[in-house]
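User: I have a model open and want to go through it with you. Can we start with how you decide what sits inside?
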Amino acid sequence: MNATRLLAINEFVDGLRNRWVAACILLLGSMALTLLLVGSAPSGSTGAGALAISVVSLASLSVYLLPLIALMLSFDALVGEFERGTMLLLLTYPVSRWQVIMGKFFGHLMILTAAITIGYGGAALITVFTTDSGTAGWQAYLTMMASSLVLGAVFIALGYLVSVIVRERSTAAGAAVVLWLLFVVLYDLGLLGILLADHEQQISQALFSFLMLASPTDTYRILNLTAFDTVGQAAGIAGVAAKQGFSVPLLLSLLVGWIILPLLATIGLFHRREL
Amino acid sequence: MNAIELSNVSKRYEQKTVVKNVQLKVRAGERMVMIGHNGAGKTTLMKLMLGLTRPSEGQVQVLGGDPAVSTSSKRQTLGYVPESVAFHGAMKGREVLAFYAGLKQVSTAHYNEILARVGLKDAADRRVSTYSKGMRQRLGLAQAMLGEPQLLFLDEPTSGLDPSLRRQFYELIDSLSRSGTTSLISSHSLNEVEARADRIAILKNGALLACGTMPELLEQAGLPIYVQLKTAEAAVNSVAEKMGWAGEVHKLDERNLEIRCMVSSKMELVRRIAALGDTVEDMNIVPPRLDEIYNHYMENVQPQ
């Protein structure tokens, strides 16, 4: 366990050193603040607080941005060390291969945690203290922060899988972009396409829900848009998904599954790899 | 006790066999040098001994255990300097060492001493990306020295170092070896390692051609030696005639000649030269040069 902790801290310190942490905090913080301030304007008329309203817009943005940040952190994690030759040396130390993966995972998770907590959390605090929007919807906002972290973790794990499979950094970068496009853009476009083409309405709502739950990004969307009534009012479209009655534990465990499976696959492939 | 024992070890990658049926024992406290051309299997053998790859056939034992068991406490007692040692460029020298010390679970107290020993004391707080090749190599040795290792693996440790750094590097290794560290060094230059090795293993195309001390290798190679004589004036022809039994005789000039003879007839030759009295004014015995020995093994010896 000691080695895992050491590797995690090393990874995090590395993130501080090369300004990754600072850049992420700045990016997420400024985005959240903008959306919160926009959200606080109409709050008087609808009755929903800025926090609740901005959960919808922030979640929609996080769905693009967090997977991107997570993949940029992780695609290089293994293949980069193979290429530089640092992995060779590391594995002659009393460290197991699974500890290398888990150490990096926790380290990268710490970077995302810092970025989300300080970026999103800080923006929320600023809004609460400087406007009169109040604290209504803070539970939904916290849930959004927590689930954003989980979404980030999913793509860190997927990034490792890419990183352990490919042989070159440049391939890993390309594969990460494809992965991002696939899960964040193309999958949803595909679903829309299916719906549009389905004139006879042969696709049942159950099947459609299943297809949505097959993607971690859609799972994240559903989780944030339906978990709280206050958000649902603001979201509008949420009514559709809310009828399905997905419970928060179900959605969360799906996301956690998207973390565990790629991590296990990465560890398995890493163990079989000859250096 | 043997620090390293390889029995009938082979390693294949897909169709290519990179290590062929190697038997090798390295005794504790010994300085063993592996030499061979590029692609002779030196690095793969080292990776097998470090447990980074598994043998396709045969057995590898390091410090009495399987090197592939990563959690083994034995890993704390071995050091490795890879062929092209790489570190995270953004880290300072001291931070690099602290990180590896943590992994080896050795006290961080003696970094300063190690940094001083490898001559990086003044550069310890600079980023590794500003280091020269030689400094990086020495930082590589510094991390391998953490925790006073029993066993050191050095994969072409001096490639890219200038002669004076090279000497310093070997002095460090010598001082470690005096304190009982077993070391396994790979190199492709016999000239460089001859004086540093207790035994030398010669590899070609993944097979072990020979292994032994320098005199043993010389004897096995059966290469001729050269005996150079300086004769009294006008005696060169008569001396050449008398020595013709020992081997080829070359007249170099009016006073000097060279006899190419086998090691087995060396002493008899010396006795007969001594018997010539004043006729021979000076004598010089030249053993085969190292590159000759190396070439002999590369060209004429087939693996068993």
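Analyst: A residue is buried if 20 or more other C-beta atoms lie within 10 Å of its own, exposed if 12 or fewer, and partly exposed in between, with C-beta atoms placed from the backbone. This is a predicted model, so local features need pLDDT of at least 70 and side-chain atom pairs count only at pLDDT 80 or more, while totals for chains, interfaces and linings use all residues. Residues are numbered from 1 along each chain as its sequence is written, and chains are lettered from A and ligands numbered from 1 in the order in which they are written.

User: Which residues of helix 14 of chain A are buried?
Analyst: They are Leu251(A), Leu254(A), Trp258(A), Ile259(A), Pro262(A), Leu263(A), Thr266(A) and Ile267(A). Helices (H or I, at least four residues) and strands (E, at least two) are DSSP runs, numbered from the N terminus.

User: What covers the buried residues of helix 14 of chain A?
Analyst: The cover includes helix 7 (97–130), helix 8 (138–165), helix 10 (205–213) and helix 11 (216–226) of chain A. Contact here puts the C-beta atoms of two residues, placed from the backbone, within 7 Å.

User: How far does helix 14 of chain A reach?
Analyst: Its 25 residues, 248–272, reach 37 Å from first C-alpha to last. That is close to the 36 Å expected at 1.5 Å a residue. The expected span is 1.5 Å times one less than the number of residues.

User: Is Leu195(A) buried or exposed?
Analyst: Leu195(A) is exposed, because 12 other C-beta atoms lie within 10 Å. Leu195(A) belongs to helix 9 (residues 169–197) of chain A. Phe208(A) is 13 residues away in sequence and 8.8 Å away in space, C-alpha to C-alpha.

User: Now the interface. How many residues of chain A are in contact with chain B?
Analyst: 19 residues of chain A are in contact with 20 residues of chain B. On the chain A side, helix 1 (2–17) and helix 6 (86–90) each give two or more residues. Helix 1 of chain A has the largest share, five residues.

User: What classes of residue are on that side of chain A?
Analyst: Nine are nonpolar, six polar and four charged. Ala, Val, Leu, Ile, Met, Phe, Trp, Tyr, Cys and Pro count as nonpolar, Asp, Glu, Lys and Arg as charged, and the others, Gly among them, as polar.

User: Over to chain B. What is its overall layout?
Analyst: Chain B has ten helices and 13 strands. Its C-alpha atoms fill a box of roughly 75 × 45 × 35 Å along the principal axes. Of its 304 residues, 37% count as buried.

User: Where are the domains of chain B?
Analyst: Domain 1 covers 2–219 and domain 2 covers 224–287. Those bounds come from an automatic or database domain assignment. The two domain centres, taken over C-alpha atoms, are separated by 45 Å.

User: What is the strand order in the six-strand sheet?
Analyst: The order is 5-6-7-3-8-9 in chain B, in an open sheet with mixed pairing. Two strands pair if DSSP finds at least two bridges between them. Strand 5 (78–81) and strand 9 (207–212) of chain B are the edges, each pairing on one side only.

User: And strand 3 of chain B, which strands does it run parallel to?
Analyst: Strand 3 (residues 31–36) runs parallel to strand 7 (residues 182–187) of chain B, joined by five bridges. There, Met32(B) has Leu184(B) as its bridge partner. Strand 3 of chain B also pairs in the parallel sense with strand 8 (residues 199–204) of chain B over five bridges.

User: Why is strand 3 of chain B called largely enclosed?
Analyst: Because six of its six residues are buried. Arg31(B), Val33(B) and Ile35(B) point one way, and Met32(B), Met34(B) and Gly36(B) the other.

User: Last one. What about the four-strand sheet?
Analyst: That open sheet runs 11-12-10-13 in chain B, with antiparallel pairing. Its edge strands are strand 11 (247–251) and strand 13 (280–286) of chain B. Strand 10 (residues 225–231) and strand 12 (residues 256–261) of chain B are joined by six bridges.
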